[in-house]
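Trainee: Could we go through the charged contacts in this one together? I would like to take it slowly.
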Amino acid sequence: MTDLLFHDGPIYTLDEQQPRAEALLVRDERIIAVGNAAAVRAQARPGYEAIALRGRALLPGLTDAHIHLLWTGQNRQRIDLDGVASLDEALALIARHAERLPADAWVRGHGWNHALWGGRWPTAQELDRVTGGRPAVLSRKDGHSVWLNTRALELAGITAATPDPDGGVIGRDARGEPTGILSENAMSLVWRVVPEPTPDENLEALRAIIAECNRRGLTSLHMPEGPETLTALQTLAALEQLHARCLFHLPYRQLDAYIEAGIRSGFGDTWVRIGGVKIFSDGSLGSCTCHMLRPFEGRPDNSGVPTIPEDELYAAVRRAIDHGIAVTIHAIGDRANRTVLDAIAAQQRDARTGTAPRLPNRIEHAQHLDPADVPRFAALGVIASMQPIHATSDWEVAERLLGAERCRWSYAWQALWQAGATLAFGSDAPVETLDPWAGIHAAVTRQRPDGTPPGGWHRELALSLEQALWAYTVGPAIASGEAQLKGRLKPGLLADLIVTAADPFAVDPGELWRMEVVQTFVGGRCVWHQR
């Protein structure tokens, strides 16, 4: 490959030893030199390609440290209800989509939010009116509840006599009949009867969504998904069509099989790598299923739902880590976060093996914390894998459900940073947009793109731009055990880098969400170029 010389513009390395540089040289898959323009140019081989930035900026490639990649890709082919402001509008969109489907096809969709519809949960009967007898399943914005019609309830075998599964809730009316809403572990009752996409459909969905990630400046992705995603990623890698580096988290339900097979965290290469085992400890804020130390405001009998019994969580954490597999645990409520930290602390205290996982343990989301637990992330070496856009998306719901005092420790990025925790930021797409610049904007301003709330919601918890970029680059590299491979722009590291249309350090922070990426390089190859 021809050497690439980037020059004539700001280069932000995220390397504390040399934060800015005048030039950077790429050879094959690696960064060869960073620093003074003349010194770097002198190392270029004859025939090198010079890329003048001319006011644009060069940055390390960004990482989405929590994306449901295949799910996001598949949703592009289904009904998008994200942001739909009324139930009537949602039903109209569903009706138009259903009319184009075969009579026996499932109606699939994602993104509805009953909080925008006056707070009333939708019903199976309302969905029946627009689906023409086809079975329908539509996941809520947070992915922790689904909305079914009557046909889907029948296929799933859900009746008034069906008991709530452990860690799950079947919505019921005053007569005890199912309403069409399933939450948390109850969702498995329908997913087991929904037809799976074909391998070819999975490949096409992944190709398309990875291309979209590249367009936004993402070069690495961490994903908690099923084995069909791992199969598709390996297929794309073998075809040399995988244009992002992927960390795959193992599903908890198959933990024993992975242990028996000898699979451990860190196995793989620079393209597909095994992460931790993904465990759910609670639900979500919007569904009132995140597990809290105190009840939700106005709901004295509801403190959320633990989706795994505490003794099972402790045993799973111990079994995984003792066998060289890190844990990657979903915890949103303050009680869930405390329980997970306690379980990891117990394993560390009573470790039965000298072979620790090659990757650090992590908590996914860590949205609502008790102040006593903030310093425990650093003390236990637990990554805080968080999604900044959740704060600006959910702040009104958080205020209503948690009250002002508890919200002082919600989405507490700066408090965690000051306590020494490693932050790894992502999107949780398709729950939110996969655009990392929307997340960076939220992290820096604690505001939505329209400037609300004025001054930013709990602005004291916001990050500087440099800190936010670190959490999208260096932090995820630490989380994947690859800090010596990527995350910064320094000699010897992989040439995963992006060129932005403007200097992010020179624009108004309120405009960061508008940032565009001109070029994206993965391993020295351009995988996205703005036309």
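Predicted model: local features only at pLDDT ≥ 70, side-chain atom pairs only at ≥ 80, totals over all residues.
Trainee: Where do Glu204 and Arg207 sit in helix H7?
Mentor: They are three residues apart in helix H7, which spans residues 199-215, so about one helical turn separates them.
Trainee: Changing topic, how many salt bridges does the structure hold?
Mentor: The structure holds 27 salt bridges, and one of them joins the side chains of Arg338 and Asp370 at 3.1 Å, N to O.
Trainee: What parts does that pair tie together?
Mentor: Arg338 lies in helix H11 (residues 334-349), while Asp370 lies in the loop between strand E19 (362-365) and helix H12 (376-380), so the pair ties together parts that are 32 residues apart in sequence.
Trainee: Which residues are linked with them in a network?
Mentor: The network of salt bridges links Arg338 and Asp370 with Asp342, Asp373 and Arg376.
Trainee: Last one, what about Glu396 and Arg448?
Mentor: Their side chains meet in a salt bridge at 2.8 Å, N to O, and this pair links distant parts of the chain, 52 residues apart, with Glu396 in helix H13 (residues 389-402) and Arg448 in the loop between helix H16 (436-445) and helix H17 (465-472).

Note on methods: Residues numbered from 1 in each chain as written. Heavy atoms only, no water. Salt bridge = Lys/Arg side-chain N within 4 Å of Asp/Glu carboxyl O. Helix = DSSP H or I, 4+ residues; strand = E, 2+ residues; numbered from the N terminus.
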